[in-house]
Amino acid sequence: MALINTILCSSFLKSQYTVSTPPIGLRKLVCCSRSPIDEGDSITGIKKPKRKLSEQSSWEAKDSEGRDYLYRLGKEADNMNIAVGARDGIIDPLFTGNFLGRDSDIVFDYRQKVTRSFEYLKGDYYIAPLFLDKVVVHIVKNYMAHLINAKVPLILGIWGGKGQGKSFQTELIFQAMGVEPIIMSAGELESDRAGEPGKLIRERYRTASQVVQNQGKMSCLMINDIDAGIGRFGNTQVTVNNQIVVGTLMNLSDNPTRVSIGQDWRESDITNRIPIIVTGNDFSTIYAPLIRDGRMEKFYWQPTQEDIVNIVYRMYEKDGISRDEVVSMVNTFPNQALDFYGAARSRTYDRSISKWVDDIGGLENLGDKLIKRRKNQNLPVFTPPKQTMEALLESGYSLLKEQQLIMENKLSKEYLKNIDD
């Protein structure tokens, strides 16, 4: 019985793994039915060359390393078709057509609004001459860096006391120069994902470069309150993102025209040099190699008495307050930041707003009147208060009292018994 099983198994294996030669007619039929692009003939054992679409086709072209040429180009490029879209003059007019307008990419304009244009800045504001000179020279020097035979710092660090108008003065200069900057805040310098803030800075930098290249406008990258994002305060923890952000800014300062966001390098991938402006209160908390002279130009902004009077006068001028009254206001509250005088003017609106709330039906009907009203239902007209020196001084003393209470009544000592003095 064992001998019979051995013979049967041997016959079965032979039938499974032995290929018999088909008749001549069937052999021709099999050969003719095979695809012409097969690499070889399993019957004859003769390898056939792979069929090419065309001798001039780029789809099957290989680079010097034997890799697919088009795939490598796509991997290197950071600009996808969705970033260009069906724009007139970019692709063949046959595909843009007129049925959707000359530009068929309906979200292209929305994507470009990452820049700031400052249409909301209406009125005549005062720009301090020293501040204006520093910012304008930094921007122009960076755009002329290829013509200057000297090391040009890429970053301008504007620092000083709180509420002195560092960001606002810079925005006024941008508006006067026609600069469309990209503005970041310290809150964007940290993320739950390692490396995201550094990549975001590089993307914003490259976007500013595209504004220069595609729109023909000056642009820059501005980061507000940078010391709040990457500064070292006491025993605060230094995260990986803090280190990556510092390293990214240092690398941009050293190589402002080669900025990677993850794609492979190409020799032609050159980015326009974009000046960077950062603001903060205390740059001594920032990693020292970042703020060294070759990378960052430092500018300490402390407005003089004349600057404060001119800025506040422009703020109060539309209210009918004279320059002498402004000087009296500034002398009454010395050593105050510029935002103090803006807050004093804002507080004079409190009584008028309380009266307006009563006019629309009181607190109970406030939500229905403001949010749920019908489109054709008009609210009572709000009448702004008439500004007087008495009202401004009253608001100023109220603000000053609040400042003193905070400094005198340090409730943290009451709630945190182990806090250090």
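Trainee: What should I know about the model before I start?

Mentor: It is predicted: local features need pLDDT of at least 70, side-chain atom pairs count only at pLDDT 80 or more, and totals for chains, interfaces and linings use all residues. Residues are numbered from 1 along each chain as its sequence is written, and side-chain values use heavy atoms, with hydrogens and water left out.

Trainee: Why is Phe131 called buried?

Mentor: Buried means under 20% relative accessible area, exposed over 50%, and partly exposed in between (1.4 Å probe, protein chains only). Phe131 has 0%, so it is buried. Trp301, at 1%, also counts as buried.

Trainee: What makes Phe131 and Trp301 an edge-to-face pair?

Mentor: Rings of Phe, Tyr and Trp (its six-membered ring) pair if their centres lie within 6.5 Å; planes under 30 degrees apart are stacked, over 60 edge-to-face, the rest tilted. Phe131 and Trp301 have 5.1 Å between centres and 85 degrees between planes.

Trainee: Why is the pair of Phe333 and Phe340 called tilted?

Mentor: Their centres are 5.2 Å apart, with 50 degrees between the planes. That angle falls in neither the stacked nor the edge-to-face range, so the pair is tilted. Ring pairs also link Phe333, Phe340, Tyr341 and Tyr397 into a cluster.

Trainee: How do you know that the charged end of Arg323 sits over the ring of Tyr313?

Mentor: The rule asks for NZ of Lys or CZ of Arg within 6 Å of the ring centre and within 35 degrees of the ring normal. Arg323 is 5.8 Å from the centre of the Tyr313 ring, and it counts as sitting over that ring.

Trainee: What makes a nonpolar core, and how many residues has the largest?

Mentor: A core is a set of buried Ala, Val, Leu, Ile, Met, Phe, Trp, Tyr and Cys residues joined through side-chain atoms within 4.5 Å. The largest has 36 residues, and Tyr316 and Tyr341 have the most contacts inside it. Its largest share, 5 residues, comes from H11. Helices (H or I, at least four residues) and strands (E, at least two) are DSSP runs, numbered from the N terminus.

Trainee: How do you know that the buried residues of H16 lie on the same side?

Mentor: They are Met389, Leu392, Ser395, Gly396 and Leu399. The arc is that of the directions from the helix axis to the C-beta atoms. Theirs covers only 130 degrees, so they share a side of H16. The face turned away carries the exposed residues Glu390, Lys401 and Glu408.
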